[in-house]
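Hi everyone, thanks for making time for this. I'd like to walk you through one structure, so let me put it up on the screen.

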Protein chains: 2
Amino acid sequence: MDKGLLVVISGPSGAGKGTIYRNVIERAGMQRSVSVTTRAPRPGEVDGVDYFFKTEEQYQQMIAAGEFLETAAVYNNFYGTPKAPVFENIDNGRDVLFEVDVHGARSIKRKYPDAVAVFVMTPDFEVLEKRLRGRGTETEKSIRTRLGSAKNELSKYDLFDYIVFNDDIDEATESVLEIINAERCRVKNNIGTIKNLLK
Amino acid sequence: MDKGLLVVISGPSGAGKGTIYRNVIERAGMQRSVSVTTRAPRPGEVDGVDYFFKTEEQYQQMIAAGEFLETAAVYNNFYGTPKAPVFENIDNGRDVLFEVDVHGARSIKRKYPDAVAVFVMTPDFEVLEKRLRGRGTETEKSIRTRLGSAKNELSKYDLFDYIVFNDDIDEATESVLEIINAERCRVKNNIGTIKNLLK
């Protein structure tokens with residue numbers, strides 16, 4: 001591998017991307033990307049570990065300076081992925097994994113087309129609905145909204161390189177790990193090594 | 001998966017592609033492609049299992065009819081990969097694996113750009129030389145020739161999608177299996193399934 005991979009995991013709410021993200025980080029020893037946020041730290045959260053906590057003014061300055069790979073507003077707070085630590089890891093041969101929504105995936109792909117984008121989906125929408133209901137925390141209305149968003153997100157499939165149908169969380173984790181290992185073997189990610197051998 | 005994969009394993013003599021090919025066929029339960037040849041059957045070889053045995057006239061007719069994915073002459077005999085059974089398997093969702101030389105890989109990629117081409121290489125040329133010497137069957141001259149061919153083959157790296165550095169045969173087999181599983185998750189290989197879900 002000439003350098004590390006930037007891997008993005010996305011998909012609808014309820015498809016299991018968060019669990020897969022945490023499993024993969026743990027099993028592959030990958031670098032977690034620490035986001036920047038303007039929201040207040042919750043008890044126990046550590047600056048630089050859970051998030052980089054910034055004021056809105058600092059955040060806007062970072063946007064203006066082009067320091068983000070992607071940035072999004074969620075309920076009056078900003079969340080963003082800073083470029084510098086990500087590219088430092090990649091340049092040092094360390095893979096970085098992100099969990100982002102479809103807008104974040106698009107934004108990252110635009111700024112870094114070599115990013116590997118994985119869409120996590122349930123085997124079908126019926127299973128997604130069942131899982132959302134199974135949470136027991138969603139209203140009928142929010143279930144409808146989430147299913148609508150899920151369809152809309154899946155319709156953006158051409159933004160993604162891979163799709164993992166999460167029927168079983170261990171198998172889906174395994175698939176993402178296999179995708180990462182396969183990407184490490186891609187010729188385009190080993191051209192430096194190959195040219196060195198040919199010298 | 002909308003249909004089966006056509007996977008091609010290639011690489012220099014001595015890099016281990018034959019062993020990896022057999023391991024993957026066994027472990028992934030993949031379809032072996034049976035070649036056509038004009039050479040005489042050896043004792044124990046069964047027509048339709050080891051090879052399809054043809055006369056040179058029959059073989060030339062198959063070439064003329066465009067029935068080959070690739071064809072090559074080796075020491076006055078012809079060897080070729082017939083198209084029909086390969087595409088029948090792929091259309092029925094069964095993956096097919098080939099072991100071919102670099103010319104064969106190029107010819108298959110030209111006729112079927114969706115083919116997944118994997119180059120198997122030793123970690124470097126010193127290891128390749130050691131392995132060729134270790135066989136104890138190669139003359140000094142043939143070792144030189146094979147090393148020269150190996151360099152020439154690796155210089156065609158842009159024909160290939162993946163490169164596997166075979167440092168350990170089990171790990172290299174694992175990498176090829178991971179590549180196959182990752183390819184099964186590629187969005188471009190699941191567009192039919194995705195469109196069905198979106199209906």
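Let's start in the middle. The largest nonpolar core here has 86 residues, and the ones with the most contacts inside it are Val8(A), Val118(A), Val8(B) and Val118(B). Before I go on, please keep in mind that this is a predicted model. As a bit of background, nonpolar side chains in soluble globular proteins tend to be buried together.

Let me pick one of those residues. What does Val118(B) touch, once we leave aside its neighbours within four places in sequence? Its contacts include Val7(B), Val8(B) and Ile9(B), and also Phe160(B), Asp161(B), Tyr162(B) and Val164(B). Val176(B) and Ile179(B) are on the list as well.

Now a helix in that chain. Helix α1 of chain B runs over residues 17–28, so to speak a 12-residue stretch, and reaches 16 Å from its first C-alpha to its last, close to the 16 Å expected at 1.5 Å a residue. Which residues of α1(B) are buried? They are Lys17(B), Ile20(B), Tyr21(B) and Val24(B). These four sit on the same side of α1(B), because they cover an arc of only 105 degrees around the axis. In general, an α-helix has 3.6 residues a turn, so residues three or four places apart point the same way. Over on the other side of α1(B), Glu26(B) and Arg27(B) are exposed. As for the cover on the buried residues, it includes the strands β1 (6–10), β7 (96–99) and β8 (116–121), along with helix α7, of chain B. Just after α1(B) comes Gly29(B), with a positive phi of about 55 degrees.

Helix α7 turns up again when we look at how the chains meet. In the contact between them, 24 residues of chain B meet 24 residues of chain A. On the chain B side, α6 (140–154), β9 (162–165), α7 (169–184) and α8 (191–198) each supply at least two residues. Of these, α7(B) gives the most, with five residues. That side of chain B divides into 14 nonpolar, four polar and six charged residues.

Over to chain A as a whole. Its secondary structure comes to eight helices and nine strands. The radius of gyration of chain A is 18 Å, close to the 16 Å that the globule rule gives for 199 residues, so chain A is as compact as a globular protein of that length. Its C-alpha trace spans about 65 × 40 × 30 Å along the principal axes. Of the 199 residues, 36% count as buried. Among contacts in chain A with a separation of 6 or more, 70% come from residues 24 or more positions apart.

One example of sequence distance against spatial distance is Glu88(A), in helix α3 (residues 83–91) of chain A. Glu88(A) is 84 residues from Gly4(A) in sequence, and their C-alpha atoms are 9.5 Å apart in space. Is Glu88(A) buried, exposed or partly exposed? With 13 C-beta neighbours inside 10 Å, Glu88(A) counts as partly exposed.

Most residues other than glycine have a negative phi. Tyr75(A), however, has a positive phi, near 50 degrees. Tyr75(A) lies in the loop between β5 (68–74) and β6 (77–82) of chain A, and it counts as exposed, with 5 C-beta neighbours inside 10 Å. In chain B, Tyr75(B) has a positive phi of about 50 degrees.

How values were computed: Residues numbered from 1 in each chain as written. Chains lettered and ligands numbered in written order. Predicted model: local features only at pLDDT ≥ 70, side-chain atom pairs only at ≥ 80, totals over all residues. Contact = placed C-beta atoms within 7 Å. Nonpolar A, V, L, I, M, F, W, Y, C, P; charged D, E, K, R; others polar. Buried ≥ 20, exposed ≤ 12 C-beta atoms within 10 Å, placed from the backbone. Arc of directions from axis to C-beta. Rg over C-alpha atoms; globule rule 2.2 N^0.38 Å. Core = buried A, V, L, I, M, F, W, Y, C linked by C-beta atoms within 7 Å.
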